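Subject: Structure handover

Hello,

Here is the structure we spoke about. My notes follow it.

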Amino acid sequence: MSPMPRKNPNKTEMFRDLPSVDELLRSDIGRDTAAQAGREHATRLARRAVADVRASLADTATKAELMQRTADALASLWRGERLLRIRRVINATGVIIHTNLGRAPLSKAAREAIVSAALSANVEYYLASGKRGRRGAFAEQLIVELTGAEDALVVNNCAAAAFFVLKAFAYGGEVVISRGEMVEIGGDFRVPDVLERSDATLREVGTTNRTKLADYQNAIGKNTRMLLRVHPSNYRIVGFTATPSTAELAKLAKSKRIVYYEDLGSGALVDLSQYGLADEPVVPRAIKDGAEIVSFSGDKLLGGPQCGIIAGKRKLIEQLRKHPLQRALRVDKTAFAALEATLLSYRQGSHMTDIPVLSQLSARPGSIERRASRLVKAVGKTPLTLKVVEGRSVVGGGAAPDVHPPTFLISVTSKKLSARAIEEKLRANVPPVISRVDGGRVILDLRTVAKSDEAAIVDALRYLG
Ligand SMILES: *Cc1c(COP(=O)(O)O)cnc(C)c1O
């Protein structure tokens with residue numbers, strides 16, 4: 001029997017045998033970390049690694065083992081931190097507007113526009129005259145063309161848009177809203193809270209499922225500033241329901257000389273009812289039906305960057321433009337660049353192919369099935385079990401909760417690995433592949449995967465097997 005390496009007999013001696021921070025930084029892992037993270041930050045991490053190993057000392061260990069453990073701890077701290085950085089991932093979840101994965105994936109033109117604007121750009125500068133220009137003017141002009149509104153203004157997101165409109169036009173007065181629209185959207189946007197913070201008083205009318213025009217009419221008093229309609233994006237009340245039309249509410253508001261505002265939430269610039277989205281408000285229609293002011297998100301069904309778009313009557317938009325809050329809610333040059341490119345696709349009529357949200361939404365199950373079968377074949381011989389099965393995709397982004405486009409999924413199971421373990425390994429891939437775990441299997445939905453990312457999934461599955 002070969003002699004055992006000498007183990008430390010007690011903790012005190014082991015503490016003494018722990019590497020110092022300097023020793024750790026001189027190890028291979030220490031030097032690598034310092035090269036990537038910078039000396040100062042690597043020292044901070046090394047200190048934490050030594051402290052972590054010291055705190056977890058239970059069994060006996062040799063000096064070499066202690067060095068190895070501290071180096072591993074340092075590597076793991078640095079790896080964990082690197083994973084915090086925002087990076088590209090492959091969304092194979094089948095959720096088209098995946099809020100946790102950055103909502104709308106941008107079109108190629110929008111991505112290029114962001115890169116082009118990233119250094120200096122003519123964001124407040126007219127190239128034709130060399131004079132100072134107005135931020136967002138071209139994007140706003142495109143919104144006007146595409147929605148039929150008189151004017152438009154872009155702010156940071158739709159929550160900011162709603163807050164701004166209420167603050168500017170309902171401040172200190174009453175807002176009449178249907179009880180069925182007192183909704184919470186995505187956990188931190190609650191209509192009643194936003195109203196309260198904009199110093200407007202709420203006047204709920206009707207019942208959860210039915211509100212009549214007369215309910216609105218009877219609630220309007222001398223202190224009423226606004227009729228508000230909020231699209232209940234992420235849930236549906238079905239069955240015995242009723243609500244007045246936009247045209248009826250617009251007419252009522254006009255006769256009472258109060259503002260009529262619709263928060264459309266996702267809002268579609270074009271009619272998407274043929275893809276099952278008949279319940280999603282169409283922005284140009286709301287404007288045509290008489291909504292004086294509407295708001296909608298840039299990164300939901302529109303398929304652009306994060307922003308909130310306000311469109312409507314010139315007189316009202318002008319007031320917002322001059323409001324002190326406007327500056328606090330304004331959007332940066334890269335968002336404007338991406339928004340312009342996205343809107344230009346609509347103007348050119350190439351939106352259904354250019355804009356990922358729309359091309360994914362309109363992808364046919366048959367073509368997704370062919371892509372899935374081809375991908376499985378490309379993986380070739382593998383210990384994994386890969387099957388192409390029928391399933392459903394999700395629109396996401398708090399839009400169309402009851403719409404589940406039929407799709408074909410790649411189901412992944414393994415004799416050796418649990419579904420959780422497969423999901424984790426796919427997530428650890430470079431680039432990370434984000435999948436769903438469903439009933440003991442991992443599923444991949446190619447509806448939300450760009451064709452150019454299929455090869456990376458093939459590689460990830462081969463490596464996994
Ligand atoms: C999503 C949504 C919002 C919030 O929009 P963000 O762009 O996420 O800020 C507000 N109102 C409605 C009705 C929505 O659906």
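Which helices are included in what covers the buried residues of α5? Before the answer, one caveat: this is a predicted model. The cover of those residues includes α1 (11–17), α2 (21–26), α3 (28–37) and α4 (39–55).

Helix α5 itself runs over residues 63–82, which makes 20 residues. From its first C-alpha to its last it reaches 29 Å, close to the 28 Å expected at 1.5 Å a residue. Its buried residues are L66, T70, A71, A73, L74, L77 and W78. They lie on the same side of α5, because the arc they cover around the axis is only 155 degrees.

Helix α13 (residues 314–322) can be read in the same manner. Here L316, I317, L320 and R321 are the buried residues. Their arc around the axis is only 140 degrees, which puts them on the same side of α13. K315 and K322, on the other side of α13, are exposed.

Now the chain as a whole. It has 465 residues, of which 48% count as buried, and it contains 20 helices and 19 strands. The C-alpha trace spans about 100 × 55 × 50 Å along its principal axes. If you take the contacts between residues at least 6 apart in sequence, 73% of them join residues at least 24 apart.

How many cavities of 30 Å³ or more does the structure hold? There is 1, and the largest cavity has about 60 Å³ of space. Its lining consists of A162, L166, F189, V191, V194, L195, L228, V230, Y261 and D263. By class that is 9 nonpolar residues, no polar ones and 1 charged. At least two lining residues come from each of α8 (158–170), α9 (191–197), β10 (224–230) and β11 (259–265). The most come from α9, which gives 3 residues.

Some backbone geometry may be worth a look when you set up your calculations. In general, most residues other than glycine have a negative phi, and most peptide bonds are trans. The entries below depart from that pattern in this model.

- The V430 to P431 peptide bond is cis, and its omega is near -5 degrees. P431 sits in the loop between α19 (419–428) and β17.
- D199 is not a glycine, yet its phi is positive, at about 55 degrees. This residue belongs to the loop between α9 and β9 (201–205). D199 has a relative accessible area of 38%, so it counts as partly exposed.
- R257 also is a residue other than glycine with a positive phi, near 55 degrees. It is in the loop between α11 (246–255) and β11. With a relative accessible area of 78%, R257 is exposed.

Is S435 buried or exposed? S435 counts as buried, because its relative accessibility is 8% and the cut-off for buried is under 20%. Its place is the loop between β17 (433–434) and β18 (436–438). Not counting residues up to four places away in sequence, S435 touches A92, T93, E423, L426, V442, I443 and L444.

A219, in helix α10 (residues 213–219), is buried too, with a relative accessibility of 4%. Neighbours within four places in sequence aside, the contacts of A219 are E174, V176, R203, V205 and T224. The C-alpha atoms of A219 and T33 are 66 Å from each other, and 186 residues separate the two along the chain.

V115 is part of helix α6 (residues 108–117). At 63% relative accessibility V115 counts as exposed, since the cut-off for exposed is over 50%. The C-alpha atom of V115 is 7.8 Å from that of T334, although the two residues are 219 apart along the chain.

Regards

Note on methods:
Residues numbered from 1 in each chain as written. Predicted model: local features only at pLDDT ≥ 70, side-chain atom pairs only at ≥ 80, totals over all residues. Heavy atoms only, no water. Helix = DSSP H or I, 4+ residues; strand = E, 2+ residues; numbered from the N terminus. Expected span 1.5 Å × (residues − 1). Buried < 20%, exposed > 50% of the residue type's maximum accessible area, 1.4 Å probe, protein only. Arc of directions from axis to C-beta. Contact = heavy atoms within 4.5 Å. 1 Å grid on protein atoms, 1.4 Å probe; cavity = no way out; pocket = protein on both sides within 12 Å on 5 of 7 lines; lining within 4 Å. Points joined across faces, edges and corners; volume = space filled by probe spheres on them. Nonpolar A, V, L, I, M, F, W, Y, C, P; charged D, E, K, R; others polar.
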